[in-house]
Amino acid sequence: MKLVSFNQGGRSGFGVVSGDGVIDMRSRLPRYQSLLEVLRAGALDEVRNAAKDARPDFALTDVELLPPVVGPEKILCIGVNYANRNEEYKDNSDLPKYPSMFFRTPGSFVGHGAPLIRPPESEQLDYEGEIVLVIGKECHRIKPEQAKDHIAGYTLCNEGTIRDWLRHAKFNVTQGKNFDRSGSIGPWMVTADEIEYGKPLHLKTTVNGEVRQDDTTANLIFNYDYLLSYITTFTTLKPGDMIVAGTPTGAGARFDPPKWLKPGDVVEVTVPEIGTLRNGVEDGL
């Protein structure tokens, strides 16, 4: 099941993707007005049953897609989580013992089809294609073997980054990772039952059709089992929280000269089992 959040006719809602359309769940399940409410209630099966044999209410092209989960409590991002990405730094360092992490705000992301905004403060807008885990059950101090039972689904992320703002201080990357509307999440959440857990997923990022990132999750340094176990040691993950699980080698900063995104560019992040997240680039004020 593919679940979307959207704006349509001046109202926000959520629905199930059916072919090229959306089954609007606002009228079918009025007690839930968002996907976040569904996840918090553990009600994905209710949505699945309500959408069975239903016809789409809107074409996908007639709605504005939002990040699949609107208003999550936490968006936690994992840095340098592909083995060849660690080598990309050329600092002769061993693979990390623990994952690097940082938080992003919901406002730093747009949905599928919306433009990424290059801010006036910098031309160094970069892309990072990633897979996102959406939490379905509250979890604290779980064991690695329990991780998959707490994942509601998967989506995609372009973890847009303002590179020079990552270096404004000595020990953090928060500024460069949180410019408004600099990244994207979507196009939808694919429920966990649709994807074989642990099977390597092939992730590809293109800019204007040129392949820039191409790797599989078989090369993750820290797999999903470890990430959820480690993260829930220090924080409780809640339904709707998202774990952005790391990007492969090939971001624009790693080219010589760097290949920054500019207005008119189109970035696509694709995992066949999930779909394609597509965004253009515009300058902001």
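Student: Let's start with D215. Which residues does it touch, leaving out those up to four places away in sequence?
Tutor: D215 touches Y82, N84, L201, H202, L203 and P248, with residues up to four places away not counted. Keep in mind that this is a predicted model.

Student: And where does D215 sit?
Tutor: In strand 16, which covers residues 210-216.

Student: H202 was on your list. How far apart are the C-alpha atoms of D215 and H202?
Tutor: They are separated by 5.9 Å, while the two residues are 13 residues apart along the chain.

Student: Is D215 buried or exposed?
Tutor: Buried, because its relative accessible area is 7% and the cut-off for buried is under 20%.

Student: Which side chain joins that of D215 in a polar contact?
Tutor: That of N219, at 2.6 Å.

Student: OK, switching to R104. Where is that one?
Tutor: R104 is in a loop, the one between strand 7 (100-103) and strand 8 (109-110).

Student: Why does R104 count as buried?
Tutor: Because its relative accessibility is 3%, and anything under 20% counts as buried.

Student: What polar contacts does the R104 side chain make with the side chains of E159 and S182?
Tutor: With the E159 side chain there's one of 2.6 Å. The one that joins R104 to the side chain of S182 is 3.0 Å.

Student: Which residues is R104 in contact with, leaving aside neighbours within four places in sequence?
Tutor: E159 and S182 are in that set, along with I75, C77, F109, G160, K177, N178, F179 and G183.

Methods
Residues numbered from 1 in each chain as written. Predicted model: local features only at pLDDT ≥ 70, side-chain atom pairs only at ≥ 80, totals over all residues. Heavy atoms only, no water. Helix = DSSP H or I, 4+ residues; strand = E, 2+ residues; numbered from the N terminus. Buried < 20%, exposed > 50% of the residue type's maximum accessible area, 1.4 Å probe, protein only. Polar contact = N/O pair within 3.5 Å; in protein donor to acceptor, adjacent residues only side chain to side chain. Contact = heavy atoms within 4.5 Å.
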